[in-house]
Amino acid sequence: MPRTTGRFLDIRRDPHSGELLARGGDVEAHSILQRAGFVAVVRLHESYHRAPVGLTEDEESRLAIDAVGRLRAVGYYVDCDERFDTDARPAAYPTLGASVAHLAERLREATDTAEAADILTELTAPHDGILAGFEETLGALAELFDGLGDASDPYTAGRLRYLADAYVRVIRSDLAHTRERLADRHAPHPGRRACTEQVPDHEPERSAVCACPPPPRALPAPAPPPVGAARSRR
């Protein structure tokens, strides 16, 4: 299996700087690394993860061992320093983000506007919807920065409140309006319908197992222009 698949990672101490670094992996692996305690570093020509500053060597080792176990538990191939190797395979549970993303799957399968409105309500409900909870979380984070004491903390707190007021509330209001329009529409989706797995009597194909129409054909990509066809601009 080539190392470019995103299923491979290296977790080692850099021989030059002594930093604990994790390299490789895909976005799922990056989420696991961050849940284990690593910090993402995104630069112009590379991205990797490092241990938080201020940890002792033993604390960094425990962080690395935990990350190696979590990654291997879900099928990643991890090369690591011998000190970080482990046979532990912690149980993996669905994350809150994965539960929210499940709404996208349900929307892709919705067969009418009423079903879509019900799904969208989970985002827009004013008391306990996802966006209401997100707005409340930003407010709580702002309160945390209010009391931390560094000179820049009040600015960070103000920025978080601005994000909640100027962006989250606007998104929530717009989606709530979209939800109400869907709820009033009462229309089936023309390209989606529940399959009854029933074959009508007039179906000419003996091999048919349901009455659903075949999927639309993808149009062929246009042929590239012949070499030399483009005129130079003057």
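**Notes on the sheet**

I started with the helix. Helix α2 (residues 57-73) lies across β1, β2 and β5. I checked its direction against β1 and got an angle of about 170°. I keep in mind that this is a predicted model.

Next I looked up the strand order. I found 5 strands in an open sheet, ordered β3-β4-β2-β1-β5. The pairing is mixed. Which strands sit at the edges? I noted β3 (39-42) and β5 (77-80), and each of them pairs on one side only. I also looked up the twist, and the average is 25° from one strand to the next.

I reminded myself how pairing works. Strands of a sheet pair through backbone hydrogen bonds, either parallel or antiparallel.

Then I went through the pairs. I began with β1 (residues 8-13) and β2 (residues 20-24), which run antiparallel and are joined by 5 bridges. Here isoleucine 11 stands opposite alanine 22 in β2.

I followed alanine 22 to the next strand. What is its bridge partner in β4? I found histidine 49. The strands β2 and β4 (residues 47-50) pair in the antiparallel sense, over 2 bridges.

Last, I turned to β3 and β4. How many bridges join them? I noted 4, with the two strands running antiparallel. In this pair, valine 41 stands opposite tyrosine 48 in β4. I also wrote down that β3 and β4 form a hairpin, with 4 residues between them.

Key
Residues are numbered from 1 along each chain as its sequence is written. This is a predicted model: local features need pLDDT of at least 70, side-chain atom pairs count only at pLDDT 80 or more; totals for chains, interfaces and linings use all residues. Side-chain values use heavy atoms; hydrogens and water are left out. Two strands pair if DSSP finds at least two bridges between them. Axes are lines fitted to C-alpha atoms, for helices over the stretch in contact, and angles run from 0 to 180 degrees between N-to-C directions. Contact means heavy atoms within 4.5 Å.
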